[in-house]
Amino acid sequence: MKTCIFDLDGTLLNTIDDLANAVNYALRQNAMPEHTVDEVRWMVGNGVRTLMRRALPADADDDLYEKAYADFQVYYMEHNLDFTRPYDGIIPLLAALKERGVKMAVVSNKIDTATKPLVKHFFGDYIDVAVGDTPDVQNKPAPDMVFKAIRELGETPENCIYIGDSNVDLETAQNAGLPCISVLWGFRDRKFLEGVGATMFAETPMEIVNML
């Protein structure tokens with residue numbers, strides 16, 4: 001494979017603490033009950049709007065939802081580097097792939113205005129293309145963002161493999177017609193991933209090098 005398409009949260013970056021803090025800030029601002037980090041872990045994967053829908057009480061109305069969503073956005077954009085870090089072994093993985101001439105992109109359901117700066121900050125020496133959630137492109141598990149990244153890399157799907165940590169990533173890869181490596185250090189465990197049909201697993205980042 002000449003090209004790797006990576007998910008971001010739970011795959012390259014451990015973002016869960018900053019996400020949970022932003023969710024709970026928005027809930028506090030609107031006098032709603034907060035969630036544990038592990039609860040938030042199971043809410044992420046389909047973008048911020050869905051995350052906040054899942055975090056709010058079932059009886060929250062649209063006005064309250066929009067207020068909480070806006071509060072999340074403001075807080076997260078100011079605090080998304082508080083605790084977020086690459087997982088152990090990610091930088092050596094990206095360096096090894098670059099040395100082999102592998103092209104790399106990130107496709108994330110995180111909003112584009114957060115995705116691009118985070119990728120540039122942590123992985124600017126290795127990853128040239130980052131595609132986040134925007135109103136004009138359907139987000140994952142639709143394949144549109146993946147195809148956009150592949151076009152920006154000047155590649156074709158036949159040369160690509162997708163790497164992620166969740167059921168959303170597996171569905172995205174399937175919808176794009178790409179093989180998928182499911183990583184086991186992220187937000188979902190092996191039992192869950194096997195239950196949704198994952199068949200290729202990486203327990204450590206460097207295992208990916210030998211799977212291409």
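Helices here are DSSP runs of H or I with at least four residues, strands are runs of E with at least two, and both are numbered from the N terminus. The model is predicted: local features need pLDDT of at least 70, side-chain atom pairs count only at pLDDT 80 or more, and totals for chains, interfaces and linings use all residues. Residues are numbered from 1 along each chain as its sequence is written, and side-chain values use heavy atoms, with hydrogens and water left out.

**The sheet**

Six strands form an open sheet with parallel pairing, in the order S5-S4-S1-S6-S7-S8. Its edges are strand S5 (129–133) and strand S8 (201–202), each of which pairs on one side only. Two strands count as paired if DSSP finds at least two bridges between them.

Some of the pairings, with one bridge partner for each of two, are set out here.

| Strand pair | Sense | Bridges | Bridge partners |
|---|---|---|---|
| S1 and S4 | parallel | 4 | Phe-6 and Val-106 |
| S1 and S6 (160–164) | parallel | 4 | Cys-4 and Ile-161 |

Strand S1 (residues 3–6) is covered on both faces. Thr-3 and Ile-5 are buried on one side, Cys-4 and Phe-6 on the other. Buried means under 20% relative accessible area, exposed means over 50%, and partly exposed lies in between (1.4 Å probe, protein chains only). In a regular strand the side chains alternate between the two faces of the sheet.

**The cavity**

A search of the whole structure finds 1 cavity of 30 Å³ or more. The largest cavity holds about 230 Å³ of space. Of the 17 residues in its lining, Asp-9, Val-44, Gly-45, Gly-47 and Asn-109 are the closest to its centre. A cavity is a set of points, on a 1 Å grid over the protein atoms alone, where a 1.4 Å probe fits but cannot get out; lining residues have an atom within 4 Å of a point. Grid points are joined across faces, edges and corners, and the volume is the space filled by probe spheres set on the points.

Helix H3 (48–55) and strand S4 (103–111) each supply at least two lining residues of the largest cavity. S4 gives the most, with 3 residues. By class, the lining of the largest cavity has 5 nonpolar, 5 polar and 7 charged residues. Ala, Val, Leu, Ile, Met, Phe, Trp, Tyr, Cys and Pro count as nonpolar, Asp, Glu, Lys and Arg as charged, and the others, Gly among them, as polar.

**Two buried polar sites**

Asp-112 lies in helix H6 (residues 112–123). Asp-112 counts as buried because its relative accessibility is 15%. Its side chain makes a polar contact with the side chain of Lys-116 at 2.7 Å. A polar contact is a pair of N or O atoms within 3.5 Å; within protein, one must be able to donate a hydrogen and the other to accept it, and residues adjacent in sequence count only if both atoms are side-chain atoms. Neighbours within four places in sequence aside, Asp-112 is in contact (heavy atoms within 4.5 Å) with Pro-117, Ala-130, Val-131, Gly-132, Asp-133 and Thr-134.

Asn-30 sits in the loop between helix H1 (16–29) and helix H2 (37–41). Asn-30 is buried, at 13% relative accessible area. Its side chain reaches the backbone oxygen of Ala-26 at 2.8 Å. The Asn-30 side chain also makes a polar contact with the side chain of Asp-71, at 2.9 Å. With neighbours within four places in sequence left aside, Asn-30 is in contact with Leu-64, Lys-67, Ala-68 and Asp-71.

Conventions
On a 1 Å grid over the protein atoms alone, a cavity is a set of points where a 1.4 Å probe fits but cannot get out, and a pocket is an open set with protein on both sides within 12 Å along at least five of seven lines; lining residues have an atom within 4 Å of a point.
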